[in-house]
Amino acid sequence: MAERITGAKSALQRLERCYSNGNVSWEQCFQPRWERGNFASRYHLVYPGLAFWVLLRAEPRRAAALRPMLDAMYRGLLEPRCWDYWHSELNEETWPLQERNLTYAGRLASFTGFYIDAFGVPPSETIRIENHIATYSELSENLWAQMKSSPSCGVTCYGHTSMVMCNAHLLINNILHDRLFGTRFAVANEKWLANVEANLVNHSDDGSLFYYGTKPHSGERNEADRSDGMDIWALFLMSAVVPDRVRTWFGDWQSRIRRDEDRAWVEIPSRETKGELSSTPLATAWAFCLAKELGQTPLALALGRTLELEIAEGFKLDPLLSGLYLLGDTLREGAFRDLVVGTNSCDTSTRPQQALG
């Protein structure tokens, strides 16, 4: 009898086609209109990578197969297509890791931190972009220093605005770096979270949960920055940092989830999809991951059934969505938080002995 191809196996096979040749096979990846947007190339590496980190933690025997693909992802993150938007689309003159640009710098930092946590060494001794180099610790310290001096208590992305989703990566990386190298960066997390609570949470019943961006050079909310797709992305990432608070937020937020018989999904307006802000499959995948992380099995099954309608043929937004499907399928309650805070570790013998910077 032929082996049944499960959704997770289909997703993994699709990811292997993207990352198994030593470098990223970009022809297998979705081609975004804008690299500054939310369908950008960097997301097709960072979040499938997160699926691999969770899978590796659950099944350490997979290291020999997964590590070469993670190496390819890291090399892809350093390719100009992942960071040149800073110059070509945003007309910024600083190098992409020098200041702001948290959407790239924060994700590169957390990817590198997860790599060090898994294998005891970074994917490369230094991070080289353009004519500049930095270690993981130097990058992490730079982001932390910006956080401490910012009026928002977070690091900004474009136009000097701080975004909830991007700063969630900074919170994660602060925890990772502290755990790996004994720093105290995560102490600063509380001030950003306090600003989110005070200024960026919508306490009415109208519209999305978060004002996902601040005004420039400010901690005040930008009233126009509202999106259910941004909500669910931010909620999943913050579940590794403040899981109890996220559980409460998500309990109220679930009224936005649509249902039909045994399926569920998060409906995103077509204007957001055209603008590459979010999409119904993308938001549904993030909700699937969060439901698994919070142990909400019936909801996760309903969301998963919607995603399974496309998994065999592949998603338009691949490999990002196949990566999120694999992540959701792999997650067990609290597994993402365990990955970040280091509890229930399978093997601690490869921890680095000292900071690299």
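## The largest pocket

In this predicted model, 18 residues line the largest pocket, and those that lie nearest its centre are Arg-36, Gly-37, Asn-38, Tyr-158 and Leu-277. Two helices, H8 (164-181) and H10 (228-238), are the elements that give two or more residues to this lining. The space in the largest pocket comes to about 330 Å³, and its lining is made up, by class, of eleven nonpolar, four polar and three charged residues.

## Helix H6

Helix H6 covers residues 102-119, and its 18 residues should span 26 Å at 1.5 Å a residue, which agrees with the 25 Å that separates its end C-alpha atoms. Of these 18 residues, 17 are buried, so H6 is largely enclosed by the rest of the structure. The residue that follows H6 is Gly-120, which has a positive phi, near 85°.

## Aromatic pairs

Across the whole structure, a search finds 19 aromatic pairs. One of them joins Trp-53 and Tyr-115, whose ring centres are 5.9 Å apart and whose planes stand at 85°, so that the pair counts as edge-to-face, the class for angles over 60 degrees. Because Trp-53 belongs to helix H2 (residues 43-58) and Tyr-115 to helix H6, this pair ties together parts that are 62 residues apart in sequence. Trp-53 is buried, with a relative accessible area of 3%, and Tyr-115 likewise counts as buried, at 2% relative accessibility.

Phe-250 and Trp-253 make a pair of another geometry: their ring centres lie 6.1 Å apart and their planes meet at 25°, so the pair is stacked, the class for planes under 30 degrees apart. Both residues lie in helix H11 (residues 243-253), where, being three residues apart, Phe-250 and Trp-253 are separated by about one helical turn. An α-helix has 3.6 residues a turn, so residues three or four places apart point the same way. Phe-250 and Trp-253 are both buried.

Beyond these two pairs, one aromatic cluster is formed by Tyr-43, Tyr-47, Trp-233, Phe-236, Trp-286 and Phe-336.

## The hairpin of E3 and E4

Strand E3 (residues 257-260) and strand E4 (residues 263-266) run antiparallel and are joined by four bridges. Within this pairing, Asp-260 stands opposite Arg-263 in E4. Two residues lie between the strands of the hairpin, and Glu-261 takes a positive phi there, near 55°.

Terms used. Residues are numbered from 1 along each chain as its sequence is written. This is a predicted model: local features need pLDDT of at least 70, side-chain atom pairs count only at pLDDT 80 or more; totals for chains, interfaces and linings use all residues. Side-chain values use heavy atoms; hydrogens and water are left out. Two strands pair if DSSP finds at least two bridges between them. The expected span of a helix is 1.5 Å times one less than its number of residues. Buried means under 20% relative accessible area, exposed over 50%, partly exposed in between (1.4 Å probe, protein chains only). On a 1 Å grid over the protein atoms alone, a cavity is a set of points where a 1.4 Å probe fits but cannot get out, and a pocket is an open set with protein on both sides within 12 Å along at least five of seven lines; lining residues have an atom within 4 Å of a point. Grid points are joined across faces, edges and corners, and a volume is the space filled by probe spheres set on the points. Ala, Val, Leu, Ile, Met, Phe, Trp, Tyr, Cys and Pro count as nonpolar, Asp, Glu, Lys and Arg as charged, and the others, Gly among them, as polar. Rings of Phe, Tyr and Trp (its six-membered ring) pair if their centres lie within 6.5 Å; planes under 30 degrees apart count as stacked, over 60 as edge-to-face and the rest as tilted.
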